[in-house]
Amino acid sequence: MSGIERVIQTIGETVVVGAQHGGGHLATVEPGPTWMALAPFLPLVGVVICLICALVPRLRTSKLPAWGTVASLAVAFGLILATWLSLDGRTLNVHAWEWINLSWGDGPGRALIANFAFHIDSLTVLWMLFVTGLGALIALYAVEYMEHDVGLGYCRFFAGFSLFVFSMSCLVMADNLLLMYLGWEGVGFCSYLLIGYFYKKPSAVAAAKKAFIVNRIGDLGLALGIMLIFVQFGTLEYGELFANERLLHYKDLALAGDFAQIPFNVQLIALLLMVGAFGKSAQFPLYVWLPDAMEGPTPVSALIHAATMVTAGVFLIARMFPIFLVSEHALPTVAWIGTITALLAATIGMAQFDIKRIMAYSTVSQLGYMFAGLGVLTSVGAAFHVFTHAFFKATLFLCCGAVMHGFAGQLDLRKVSGLRSQKGWMIVTLAMLIACLNLSGFPLTGGFFSKDMILAEAFVTPGFRVIGWILLLTAGLTAYYTFRVFFRVFVGPVDYEPGDEHHGEPGSFHPHPPGWAVNLVLAILGVGSLLVAGVYFVGGEHGWVGSMIHDSSAHYQADGTHAGTLFGQDPHTIMYYVSAAIGLAGIAIAWWLHYAGRTEAATCRADRLAFTGSRVARWARDKWYVDEFYDFLFRRPLWLLGQVFYFIDRWFVDGLVNVFGILPRLTGWAVRPSQSGLLHGYALGTIGGTAVLLLIVWLVT
């Protein structure tokens with residue numbers, strides 16, 4: 001039996017065993033209480049507060065927009081927490097109001113129903129807990145971080161912030177694909193606004209446009225997938241879709257490995273949805289927008305590009321997992337694209353010097369891990385990594401933002417060193433250390449457990465062993481570049497240079513440590529990043545996250561018949577030791593090359609290694625020239641094609657219109673002398689016309 005056939009058989013067994021274990025996608029949907037529908041609308045209260053402050057001059061210079069946003073998100077988090085406590089494994093539908101209800105006949109597929117209603121199960125609650133919880137904390141951080149722009153800019157920032165959380169809430173909580181798509185486009189639009197917040201800065205404007213355009217490519221795939229779902233199954237509502245008899249029949253065919261009997265258009269749905277997920281979650285080849293998005297304010301990077309929007313693609317695949325299971329090539333493609341993205345982004349991150357961009361490439365890489373987890377049939381591992389990553393990556397970005405804020409925009413790791421030894425920076429240093437340990441997969445951290453679940457499953461699932469080895473290599477690279485930042489910036493000799501935002505004398509700069517709001521948020525996130533490891537030990541075999549996934553459409557469970565081994569051992573057991581050794585090796589190499597013996601910020605042992613000046617290292621620093629390749633292959637030809645169309649439009653289309661427009665004018669200009677109103681002129685014209693007629697008659701006859 002070939003590798004792909006074993007994968008197909010495993011997927012088929014997964015479908016049935018998941019159904020036998022009571023997957024949430026087969027659960028009965030019950031009506032839920034109305035108060036649960038308030039959570040997604042509370043961020044709109046923050047938008048209204050920001051609008052009022054922008055219109056009232058007396059309030060415009062206050063911090064009311066920020067505090068209104070913090071309060072509305074905190075209350076929304078409280079409602080989601082109450083929803084979780086009262087859910088008890090059920091799947092609820094909370095109807096807000098009628099939205100779209102069209103009918104053109106009787107029978108299935110003859111009505112399009114998409115209400116403003118919310119599908120609330122454990123998967124929804126899991127995502128909303130960190131969307132609203134981290135959203136409130138990041139908004140509190142931004143109260144201080146954005147205070148330099150108090151006024152209309154302050155109102156604009158927090159209005160976009162709140163509108164983004166509303167859109168993300170619609171995406172996650174929607175009970176139908178149309179409302180989900182509305183939220184999907186909403187977060188893309190808000191991301192454009194927030195990335196381009198500094199609209200007078202050309203690089204920020206370019207980054208915002210790049211993010212918007214690249215996301216539209218993926219969104220086209222998602223839109224086509226949604227349309228095809230309605231054509232094939234006659235509904236866009238999750239409850240009806242997951243209980244659809246045709247879909248259940250296709251699952252039975254998948255069990256038998258008989259994908260030839262599943263229509264091509266049905267299998268195509270997952271591939272189209274996958275394109276949308278790749279665009280929003282920055283997967284190869286649509287990842288190029290996310291690193292450039294670091295031009296936005298740091299709270300934007302932490303909220304959108306670490307904890308919420310970029311996980312929307314993971315959420316989409318998890319929510320629509322029943323659709324992906326009946327497609328022969330979808331999940332293997334997801335696994336391989338995620339793996340390629342993880343490795344590619346890690347190699348680029350190793351060679352960068354801008355600490356914020358290093359974290360951006362780290363985000364792309366970790367998202368690749370999540371997609372690989374989904375592809376190798378561990379939706380629990382993928383969701384658990386989403387959960388842990390949301391905490392520690394938000395912490396990493398906010399720590400980088402604190403450095404940037406305190407050192408006049410400085411982000412070059414060669415120009416800042418020894419923050420631990422400077423007054424007021426201890427909380428930032430400790431939070432950064434905790435987050436780096438998580439990202440590196442240090443033993444007993446949340447990142448260690450969530451990453452191990454994905455790595456082990458890659459060796460368990462037939463046909464994916466190569467993916468497991470690539471992800472292990474990527475784990476070592478991740479540990480190295482993560483602690484490369486920590487050892488260069490936060491420990492070592494005290495040495496620094498101000499960034500471009502300093503306009504005083506060269507020797508007059510003194511860094512200012514963060515205030516109480518930034519320190520409080522970093523302390524909470526640091527502690528949260530430590531405690532999140534505890535959810536691995538509560539709630540059953542796969543921890544609390546596993547219990548949350550069990551009662552949702554993302555649940556499945558393979559029977560382990562085709563389980564592989566690693567070094568002759570159970571991968572889920574030995575992976576603790578293998579990944580720990582690889583992570584510790586990466587940290588040790590970073591310590592030796594970037595900390596031991598270093599006497600200044602700019603130089604270290606790594607600079608003396610031959611490979612740092614090699615051609616491959618330069619390629620990695622230049623991001624493997626992917627942007628240049630896209631520029632050559634897509635942007636320039638499209639620009640040239642646009643110029644051709646412009647020429648055709650201006651000189652042929654507009655020219656033809658202008659010709660028809662000028663002909664009456666020319667005719668009037670020619671005829672106008674003959675209509676002078678003078679009697680002798682008319683007589684002369686009559687005589688001349690008669691003479692011409694006589695001449696013609698004479699010539700003819």
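**Ground rules.** This is a predicted model, so I kept in mind that local features need pLDDT of at least 70 and side-chain atom pairs count only at pLDDT 80 or more, while totals for chains, interfaces and linings use all residues. Numbering runs from 1 along each chain as its sequence is written, and side-chain values use heavy atoms, with hydrogens and water left out.

**Helices 5 and 6.** I started with helix 5 (residues 122-145) and helix 6 (residues 152-173), which pack at an angle of about 175° with axes 10 Å apart. That makes the two roughly antiparallel (angles over 145 degrees, on a 0 to 180 scale between N-to-C directions). Helices here are DSSP runs of H or I, at least four residues, and strands are E runs of at least two. I listed the contacts (heavy atoms within 4.5 Å): on helix 5 they include T124, W127, M128 and A139, and on helix 6 Y154, F157, F158 and F161 are among them. By class, this contact has 15 nonpolar, three polar and no charged residues. Nonpolar covers Ala, Val, Leu, Ile, Met, Phe, Trp, Tyr, Cys and Pro; charged is Asp, Glu, Lys and Arg; the others, Gly among them, are polar.

**A139.** I then checked A139 in helix 5. At 0% relative accessibility it counts as buried (under 20% relative accessible area, 1.4 Å probe, protein chains only). Leaving out residues up to four places away in sequence, A139 touches T69, V70, L73, F158 and F161.

**Helix 13.** How many residues of helix 13 are buried? I got 10 of 10 for residues 298-307. They pack against helix 5, helix 6, helix 7 (177-195), helix 12 (289-292), helix 17 (355-375) and helix 18.

**Cores.** A nonpolar core is a set of buried Ala, Val, Leu, Ile, Met, Phe, Trp, Tyr and Cys residues joined through side-chain atoms within 4.5 Å. The largest has 204 residues, and W127, F164, M180, M320, F324 and M432 touch the most other members. Apart from it lies another core, of 19 residues, I467 and L566 among them. Back at F164, I noted contacts including L303 and I304, both buried in helix 13.

**Q410.** Last, I looked at the loop between helix 18 (379-406) and strand 4 (416-417), where Q410 is found. Q410 counts as buried at 7% relative accessibility. Its side chain reaches the backbone oxygen of E497 at 3.1 Å. Beyond four places in sequence, Q410 also contacts residues including K415, P498 and G499.

Note on methods. Parallel < 35°, antiparallel > 145°, perpendicular 65-115°, else oblique. Buried < 20%, exposed > 50% of the residue type's maximum accessible area, 1.4 Å probe, protein only. Polar contact = N/O pair within 3.5 Å; in protein donor to acceptor, adjacent residues only side chain to side chain.
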